[in-house]
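Dear colleague,

Please find below the structure I am handing over to you. My notes on it follow directly after.

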Amino acid sequence: MKWEGNRESDNVEDRRSGGGGGGSPIFGGRSIGIGTIVIALVGGWVLGINPLTILGLLSGGGAPAQVQSQGPAQRPPADDTMARFVSTVLADTEDVWKTVFRQGGGTYQEPRLVLFRGSTPTACGTGQAAMGPFYCPADQKVYIDLGFYETLKNRLGAPGDFAQAYVIAHEVGHHVQNQLGISGKVDEMRGRVSKTEYNALSVRLELQADCFAGVWAHHAQSARQILEKGDVEEAMNAAAKIGDDALQRAGGGAVVPDSFTHGTSAQRQRWFNNGLQNGSVKGCDTFAARSL
């Protein structure tokens with residue numbers, strides 16, 4: 001991926017020098033569904049617990065908790081290559097979504113991205129590195145422990161800088177959903193429908209975020225030619241590794257479609273590719289799609 005020398009975002013907050021926050025686990029955030037996998041699989045094998053049970057416990061649900069007060073925001077050091085990469089990808093998503101919203105007659109409000117280690121307080125409760133990258137709609141921030149990228153590469157077999165960029169773009173996709181009022185409508189259904197029905201809504205929400213990640217890549221490539229040979233394959237491989245069916249097989253259990261919350265490998269690849277090929281927000285309407 002061609003990113004060196006491109007603009008870096010000013011909306012990056014570095015909390016890595018501080019300690020982790022206390023309090024209750026995060027509730028109400030949306031994650032790509034990767035980071036919890038390692039905890040779930042390893043913990044399940046060691047403890048003899050169904051990995052899906054651990055995933056469910058880590059996913060959480062319910063009302064947002066109040067965020068603890070934070071000191072002045074710190075910028076990442078200039079010589080931190082990975083932080084620069086994340087800042088550059090975030091800046092690229094800002095440029096794309098500002099243009100897309102403006103063309104649609106709207107105004108895009110940029111999210112902030114928080115770098116942390118271990119745990120950190122958020123407006124959705126305490127965020128844990130084990131959850132993987134996640135988005136908190138209550139404070140409109142994306143949270144990521146950069147150690148996650150080692151997990152992505154070494155534990156999940158999804159290396160490459162564009163795979164890493166896809167992760168960020170997916171979480172920004174949840175911010176776009178929040179801006180458009182989509183995630184709020186889905187959240188309103190919590191408790192009003194059965195767990196199976198809510199899981200199905202969650203799948204459509206996550207697949208739409210994958211599609212929005214593809215929309216970003218489409219417009220970034222058109223405007224700045226960021227893609228290099230093999231980049232798309234990296235993102236598609238990452239999408240395949242984090243499909244619900246792939247994770248359940250990796251956990252040694254049966255594939256249970258009613259428990260899916262993020263979509264199958266094929267679905268995640270399909271919707272990312274849909275956004276990548278078409279670059280259309282309207283084309284990402286997973287809630288109207290008869291087939292995912």
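Accessible areas here come from the Shrake-Rupley method with a 1.4 Å probe, and for residues only the protein chains shown count as cover. On that basis, the chain has an accessible surface of about 12,900 Å², with 51% of it belonging to carbon and sulfur atoms.

The model is predicted, so local features need pLDDT of at least 70 and side-chain atom pairs count only at pLDDT 80 or more, while totals for chains, interfaces and linings use all residues. Residues are numbered from 1 along each chain as its sequence is written, and side-chain values use heavy atoms, with hydrogens and water left out.

The chain contains ten helices and seven strands, taken as DSSP runs (helices H or I, at least four residues; strands E, at least two) numbered from the N terminus. Of its 292 residues, 50% count as buried (under 20% relative accessible area, with exposed over 50% and partly exposed in between, 1.4 Å probe, protein chains only).

Helix α5 (residues 161-180) packs against helix α7 (residues 195-224) at about 115 degrees, their axes lying 7 Å apart. The axes are lines fitted to C-alpha atoms over the stretch in contact, and angles run from 0 to 180 degrees between N-to-C directions.

Helix α10 (residues 265-278) holds Q267. Because its relative accessibility is 18%, Q267 counts as buried. Beyond its neighbours within four places in sequence, Q267 is in contact (heavy atoms within 4.5 Å) with V203, L207 and L292.

With kind regards
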